[in-house]
Amino acid sequence: MSRRPNVSATKSRRVSAMLSISSSKPRLLAMAKLTAILAALVALIPLASAQSQEWGQCGGVGWTGPTTCVTGTFCMEYSEYYSQCIPGTATTAPPATTAPPTSSSSSSAPSSTATGGLHTIAKANGKLYFGSATDNPELSDTPYVAILDDNTMFGQITPGNSMKWDATEPSRGTFTFSGGDVIANLAKQNGQLLRGHNCVWYSQLPSWVSSGNFDAATLTSIIQTHCSTLVGHYKGQIWDVVNEPFNDDGTYRQDVFYNTLNTNYISIALQAARAADPDAKLYINDYNVEGPGAKSTALQNLVKQLKADNVPIDGVGLQGHFIVGELPGNIQQNIEAFTALGVEVAITELDIRMTLPSTPTLLAQQQKDYQTVITACKNVEGCVGVTIWDYTDKYSWVPQTFSGQGAACPWDANLAKKPAYDGIVAGLQA
């Protein structure tokens with residue numbers, strides 16, 4: 001016969017077990033939390049070791065590399081196809097309709113007193129145009145666009161990013177012109193010239209180009225297809241066909257094009273552009289070539305060689321990214337040296353930055369510096385025009401690229417004209 005269990009003893013053991021489990025719950029929870037924290041930290045290890053370096057790509061359509069940046073930089077989105085690690089501490093670009101946190105002026109700051117549209121004044125004084133760069137995100141800012149649309153103020157427009165390689169051919173043979181067409185159509189409806197920017201540049205390349213490991217014949221075909229398709233789509237324009245081919249010491253920049261094709265990539269691009277559009281103006285564009293020096297001499301020698309080889313070259317673009325009070329000497333002499341080679345010259349990306357905050361003294365010097373640069377162009381017949389690299393501090397590239405610097409444009413972040421505007425007018429009328 002079976003023995004009846006001792007109910008009282010069984011209950012006692014169950015209660016004891018329950019009390020034991022209850023007392024261990026805080027320890028179990030603490031251990032679970034610690035395990036979760038350790039797991040999260042372990043998960044971050046590959047992210048920390050796979051960050052993109054300064055100036056490296058960190059995003060864009062089709063990008064499979066790192067999407068975070070090393071300390072001291074942040075991921076700046078230039079277009080849906082390309083983001084880059086830029087020096088600074090910002091986490092996102094400022095919204096298109098929002099002024100940056102550091103204003104370039106205040107209610108007590110000096111302002112412009114000049115009147116008249118810059119393009120109208122430039123035309124009256126023998127220049128072909130006065131223009132501005134722009135970019136697609138800021139075209140949602142109605143007050144900004146109202147000034148940009150004024151063709152007495154600006155007779156020429158340059159798209160800052162939407163015609164670069166990453167934006168126009170994100171995958172091989174697949175072209176998209178949606179962003180570029182917006183700016184091209186804006187210029188057309190305003191009767192403004194369009195400067196295409198650019199066909200071949202070492203930066204803002206999709207990874208299929210920069211990491212394709214193509215042989216010389218294949219890369220030649222890729223350049224020809226890209227340049228001819230791009231220039232052919234926007235016929236009758238001015239084009240920065242080759243952008244920034246030199247290092248500051250006058251040597252050629254080591255990039256996917258030069259490393260595979262040596263200097264031949266330059267003539268390949270120019271010849272493809274000319275075949276696509278016989279009426280286009282074809283330029284080579286670079287910075288730190290505004291005054292005499294090793295880099296300027298290298299560019300002049302390149303122009304001479306291209307002409308000797310019967311490669312089409314119509315103009316040289318001097319970008320003009322300057323610092324207040326630090327202009328190169330003999331800008332006019334240098335412009336004359338280029339035009340003596342049988343090419344036209346344009347100031348293509350002019351801005352003159354300062355260490356913030358801006359002061360009346362700095363703004364006065366900036367006014368003089370703008371006048372100096374514009375006067376140099378005005379005094380040389382072959383210098384056909386000037387483009388400022390966006391007209392307002394609200395959308396300047398400078399604060400996000402040069403820490404602690406800004407206020408580089410002739411209009412402040414509130415779209416008010418600064419003394420620099422007067423300097424431009426004085427330079428055009430010199």
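Keep in mind that the model is predicted. A search of the whole structure turns up 1 disulfide, and the count of aromatic pairs comes to 17.

**Cysteines**

- The disulfide joins Cys 377 and Cys 383, with the sulfur atoms 2.1 Å apart.
- Cys 199 is in no disulfide, and the nearest cysteine sulfur, that of Cys 227, is 4.1 Å away. A disulfide needs the sulfur atoms within 2.5 Å, so that spacing of 4.1 Å leaves Cys 199 and Cys 227 out.
- Seen from the other end, Cys 227 is likewise in no disulfide, and its nearest cysteine sulfur is that of Cys 199.
- Cys 199 counts as buried at 1% relative accessibility, and Cys 227 counts as buried at 0%.

**Aromatic rings and charges over them**

- Among the 17 aromatic pairs is the one between Trp 165 and Trp 208, which is edge-to-face, at 6.4 Å centre to centre and 70 degrees between the planes.
- That pair ties together parts that are 43 residues apart in sequence, because Trp 165 lies in helix α4 (residues 165-168) and Trp 208 in helix α6 (residues 207-210).
- Trp 165 and Trp 208 are both buried.
- Trp 208 also pairs with Phe 214: the ring centres are 6.3 Å apart and the planes are at 75 degrees, so this pair is edge-to-face.
- For Trp 208, buried goes with a relative accessible area of 16%.
- Elsewhere, one aromatic cluster is made of Tyr 144, Phe 154, Tyr 391, Tyr 395, Trp 411 and Tyr 421.
- Tyr 421 from that cluster has Lys 417 over its face, at 4.4 Å from the ring centre.
- The ring of Tyr 287 has a lysine too: the charged end of Lys 295 sits over it, 3.6 Å from its centre.

**Helix α5**

- Helix α5 (residues 178-190) has 13 residues and reaches 19 Å from its first C-alpha to its last, close to the 18 Å expected at 1.5 Å a residue.
- Its buried residues are Gly 180, Ile 183, Ala 184, Leu 186, Ala 187 and Asn 190.
- These cover an arc of only 155 degrees around the axis, which puts them on the same side of α5.
- As background, an α-helix has 3.6 residues a turn, so residues three or four places apart point the same way.
- Lys 188 and Gln 189 are exposed on the other side of α5.
- The cover over the buried residues of α5 includes β4 (129-134), α3 (142-148), β5 (156-159) and β6 (193-201).

**Helix α11**

- Which residues of α11 (residues 331-339) are buried? Ile 331, Asn 334, Ile 335 and Phe 338 are.
- Down the axis of α11, the buried residues fall within an arc of 100 degrees, so they line one face of the helix.
- Among the elements covering the buried residues of α11 are α10 (294-308), β9 (315-318), β11 (344-355), α12 (360-378) and β12 (383-388).

**Two single residues**

- Phe 130 sits in strand β4, and at 0% relative accessibility it counts as buried.
- Leaving aside residues up to four places away in sequence, Phe 130 touches a set that includes Leu 118, His 119, Met 153, Phe 154, Ile 374, Val 386, Ile 424 and Leu 428. Phe 154 in that set is one of the members of the aromatic cluster.
- The C-alpha atoms of Phe 130 and Leu 193 are separated by 9.8 Å, with the two residues 63 residues apart along the chain.
- Is Lys 368 buried or exposed? Lys 368 is exposed, with a relative accessible area of 53%.
- Lys 368 belongs to helix α12, and its C-alpha is 8.8 Å from that of Gly 325, 43 residues apart along the chain.

Methods:
Residues are numbered from 1 along each chain as its sequence is written. This is a predicted model: local features need pLDDT of at least 70, side-chain atom pairs count only at pLDDT 80 or more; totals for chains, interfaces and linings use all residues. Side-chain values use heavy atoms; hydrogens and water are left out. Buried means under 20% relative accessible area, exposed over 50%, partly exposed in between (1.4 Å probe, protein chains only). Rings of Phe, Tyr and Trp (its six-membered ring) pair if their centres lie within 6.5 Å; planes under 30 degrees apart count as stacked, over 60 as edge-to-face and the rest as tilted. Helices (H or I, at least four residues) and strands (E, at least two) are DSSP runs, numbered from the N terminus. A charge sits over a ring if NZ of Lys or CZ of Arg is within 6 Å of the ring centre and within 35 degrees of the ring normal. The expected span of a helix is 1.5 Å times one less than its number of residues. The arc is that of the directions from the helix axis to the C-beta atoms. Contact means heavy atoms within 4.5 Å.
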